[in-house]
Amino acid sequence: MGTRNYRRKTSHSEHGPGDGGRTGSWRVERPVLDQNLCIPCKRNKEACFICWLFCPEIVISRTIPPRFDLEYCKGCGICAEECPTKAITMADEAKFSEDEKDKE
Amino acid sequence: MHIIEDGNSAAALGVKLCRANVIAAYPITPQTPLTERLSEYVESGEMKAEYIPVESEHSALAVCIAASSAGARVFTATSANGLLYMHEQVQWASGARLPIVMCVVNRAVGAPWNVWNDQQDSISQRDTGWIQIYCADHQQIIDTVIKAYWLAEKVSIPIMVCYDGYILSHTYMPFDLPDQEKVDAFLPPFQPEYALNPDEPANLNTVTLPDVRLDVQGELAHGYMEIRYLLQEELRTTLKTAAEAEKRFAGIFGRGGDPYIEPYRCDDADYVAVGLGSITYQLRVCVDALRKESIKVGVMGIRYYRPFPDEAIANALKGKKGVIVFEKAISYGYEGALMSDLKSALYEHLAGTGSLPPVQNFIAGIGGREIRTDDLTQALRAAIKSRVSKEPTWIGLKL
Amino acid sequence: MQAKTNILSLPTQEFVHPGTRACTGCGLSIAYRVGLKALGKDTILVVPPSCLTVLQGLFPIASTKLPCLNVTFASTAAAATGILATLKTQGKEHITVAAWAGDGGTSDIGLQALSGAAERGDNFIYFCYDNEGYMNTGAQRSGTTPIGAVTANTPFKGKQQQKKDVPAIMAAHKLSYVAACSAAYPLDLYDKIKSCVNLPGTKYFHIHIPCPPGWGYDPRYGIKIGRLAVETGYYDLYEIVNGEFKLTAASEKLVEKRKLIPVREYFRSQSRFKILTDAQIADIQNQIDAKWANYYKKDE
């Protein structure tokens with residue numbers, strides 16, 4: 001079964017997530033949020049969101065609390081570095097991967 | 001309506017009649033007057049188009065590629081080193097399947113510098129996936145520009161309309177100027193399959209993998225090889241569509257003929273001279289002279305060089321006692337490009353049938369060296385008499 | 001002068017999907033994301049071969065939700081001109097044409113076409129994202145690689161030549177708008193884009209882009225390093241509006257503050273500057289100090 005009936009004759013891409021596959025598999029550490037330190041969490045209203053602003057992968061939601069899409073988060077650590085209250089820390093991915101494997 | 005104009009003007013008038021609406025212009029001898037004439041049409045309001053004086057030929061074709069991708073009917077023209085400079089874009093345009101029409105006013109290539117006519121420039125582009133049509137006179141120039149837009153938009157493949165620099169571009173001939181209404185009837189407005197727009201976003205011509213891959217809708221999309229194969233496949237079926245274009249044109253304008261070849265006194269000929277462009281009309285004089293000596297010779301102009309009309313050529317030359325190919329270019333390191341392609345077509349269709357004619361190759365007019373009709377006649381006579389050489393013979397060389 | 005945007009007033013609509021092939025911590029990702037928020041939905045993009053080509057994705061999946069034309073390396077600005085011409089014929093001039101090219105594709109191979117478009121006054125926005133090298137192909141030096149930087153083809157001696165000042169070249173075309181921005185200051189970038197969209201002719205943006213693999217730092221420090229570049233007075237944020245130069249955002253504040261972080265800190269933060277000698281650093285510091293003395297003077 002080939003591509004003879006494909007609807008395009010040229011290199012014509014439509015948009016969608018995950019062109020790079022499950023880029024979450026790239027990371028060696030993942031962000032962890034301490035809601036007790038997170039400003040919007042503490043105030044329970046829209047505030048700060050510096051992590052949302054600077055995430056290169058757009059995997060941090062602009063919500064209370066901010067959530068990380070681990071399917072695509074590459075673990076760059078910019079959110080942890082920029083968070084003004086150090087509410088985000090980077091934790092060793094290996095430990096989480098093991099735990100998740102056990103749960104499957 | 002019959003007018004007397006030069007070849008560049010014939011081309012410009014064709015572009016105007018086709019209502020091209022984005023024109024990229026960069027000067028290079030001997031094409032320059034063509035785009036100058038277009039600037040007159042645009043500035044006077046006779047033509048409604050965006051006229052962009054680009055800063056290089058590479059950009060000229062870049063503008064055309066982008067404008068066409070956004071849905072405009074585009075045009076540019078060039079010669080020689082200008083064409084060479086845009087070579088990267090030439091390859092791009094065909095791979096992007098854009099219906100660009102470009103006039104190539106044939107001129108010799110550097111080094112060293114030479115502004116006079118030969119066909120090395122466009123011949124060197126024969127592998128790029130563009131359709132190439134060669135014109136032998138001004139009527140053909142204007143008619144071919146019009147047919148080219150229809151054909152290009154039908155098959156989504158760009159077309160080079162080639163004609164000899166100076167010999168055609170700067171000489172005056174009478175020809176019929178088609179009516180605008182008839183051209184509008186022949187050539188409807190451009191309706192691209194897709195044009196860049198925010199309501200239907202797409203990313204065009206990005207990196208394409210060696211292998212196939214699922215798209216966002218879960219369907220298996222082409223790899224690079226499939227996309228390139230489709231170009232080749234459609235180029236070959238373009239031969240049929242070209243015949244359709246010819247028929248359609250004849251139906252509306254009342255003139256036309258064989259889409260691929262232009263034979264003169266070939267039916268009963270034992271020997272046939274073959275060429276591209278204006279040299280074939282010069283060869284008619286030689287043919288007439290030799291016929292007076294009872295030598296049965298004819299001349300056949302080839303119009304479509306790409307896609308190569310191999311079957312039509314083989315059928316026309318089947319059983320001839322000899323074929324003599326005259327060229328204004330050479331595939332350096334071997335022989336004339338047309339020579340190779342023609343021999344290949346004859347071999348493919350006629351080998352083993354007993355009707356495969358021998359072929360000889362003459363190279364003439366390189367760098368605009370004057371092609372004396374007497375020299376052509378001599379060459380023909382000699383070639384008919386016996387095999388002149390295994391290598392191409394250069395006419396008029398003064399070593 | 002419109003109110004400056006803050007994080008909470010930034011539009012939330014995203015024009016890029018997650019899961020791109022960009023490097024971990026890619027500075028371009030940040031600038032591109034915010035840039036597209038400023039440009040909005042009615043935009044057509046032009047992209048030459050570059051990191052952005054990879055970020056945007058391989059056929060048949062695109063990460064960007066806007067129409068985009070990929071073009072040959074030297075032709076970015078010419079392609080923008082071509083799209084613009086078509087939009088004019090279609091009466092669709094409300095659509096913004098935005099070219100995004102790397103520093104190699106701008107200051108080197110793309111400069112001719114860009115200059116041509118600027119001279120013609122073609123009405124599009126050109127973004128040069130400057131990660132200071134041909135990063136997509138493995139960090140080779142480009143015209144905007146700063147002096148002293150180790151790159152893949154200046155491996156032991158570092159680049160011997162100065163960084164090409166492309167905004168100055170573009171300003172010489174008498175454009176209505178030229179801006180120098182940074183991925184570390186996305187709100188400044190956003191505001192600048194919004195402010196210039198309706199100005200005539202070609203608008204030019206030069207965006208400083210920290211690049212983890214190309215510059216040699218732990219990805220988490222990307223924004224910090226981008227800020228250091230500005231706070232050391234090494235890279236300035238400014239705009240030139242109809243020929244009038246004005247520092248903006250953090251650079252503007254530095255004029256008031258009158259205190260620059262020593263540029264040594266910036267160089268120390270990236271391994272690409274490891275071969276800079278103390279003498280060279282001192283020389284660069286002097287140049288920075290002289291530049292800023294000038295800024296302070298103009299301010300008085």
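Visitor: What percentage of the contacts in chain A with a separation of 6 or more comes from residues 24 or more positions apart?
Guide: That would be 64%. Keep in mind that this is a predicted model. A contact here means C-beta atoms within 7 Å, and 64% of those contacts in chain A with a separation of 6 or more link residues 24 or more positions apart.

Visitor: What makes up chain A, going from the N terminus on?
Guide: The order is β-β-α-α-α-β-α, with four helices and three strands in total. Of its 104 residues, 43% count as buried; the cut-off for that is 20 or more other C-beta atoms within 10 Å.

Visitor: Where do chain A and chain B pair through strands?
Guide: Strand 1 of chain A (residues 12-15) pairs with strand 9 of chain B (residues 203-204) in the antiparallel sense, over two bridges. Pairing takes at least two bridges, so this case qualifies. One bridge joins Ser13(A) to Asn203(B).

Visitor: What else does strand 9 of chain B pair with?
Guide: Strand 3 of chain C (residues 68-70), again through two bridges, and here the strands run parallel.

Visitor: Which kinds of residue does chain A use where it touches chain B?
Guide: In that contact, 10 residues of chain A meet 21 residues of chain B. The chain A side divides into one nonpolar, seven polar and two charged.

Visitor: And how many residues do chain B and chain C bring to their contact?
Guide: Each brings 38. On the chain B side, helix 3 gives the largest share, nine residues, and that side divides into 21 nonpolar, 12 polar and five charged.

Visitor: Why is the largest nonpolar core said to lie between domain 1 and domain 2 of chain B?
Guide: Start with the core itself: it has 247 residues, and Val63(B) and Ile83(C) touch the most other members. Helix 7 of chain B (residues 138-155) provides the largest share, 10 residues. Domain 1 (2-186) and domain 2 (261-394) of chain B both give residues to this core, so it lies between them.

Visitor: What does Val63(B) touch, leaving aside its neighbours within four places in sequence?
Guide: Val63(B) is in contact with Ala24(B), Ile52(B) and Val54(B), and also with Ala78(C), Thr81(C), Gly82(C) and Ala85(C).

Visitor: How do you know that domain 1 and domain 2 of chain B are in contact?
Guide: Under the 7 Å cut-off between C-beta atoms, 22 residues of domain 1 are in contact with 20 residues of domain 2. The C-alpha centres of the two domains lie 27 Å apart. On the domain 1 side, strand 6 of chain B supplies the largest share, four residues, and the residues of that side divide into 13 nonpolar, five polar and four charged.

How values were computed. Residues numbered from 1 in each chain as written. Chains lettered and ligands numbered in written order. Predicted model: local features only at pLDDT ≥ 70, side-chain atom pairs only at ≥ 80, totals over all residues. Buried ≥ 20, exposed ≤ 12 C-beta atoms within 10 Å, placed from the backbone. Contact = placed C-beta atoms within 7 Å. Core = buried A, V, L, I, M, F, W, Y, C linked by C-beta atoms within 7 Å. Domains from an automatic or database assignment. Nonpolar A, V, L, I, M, F, W, Y, C, P; charged D, E, K, R; others polar.
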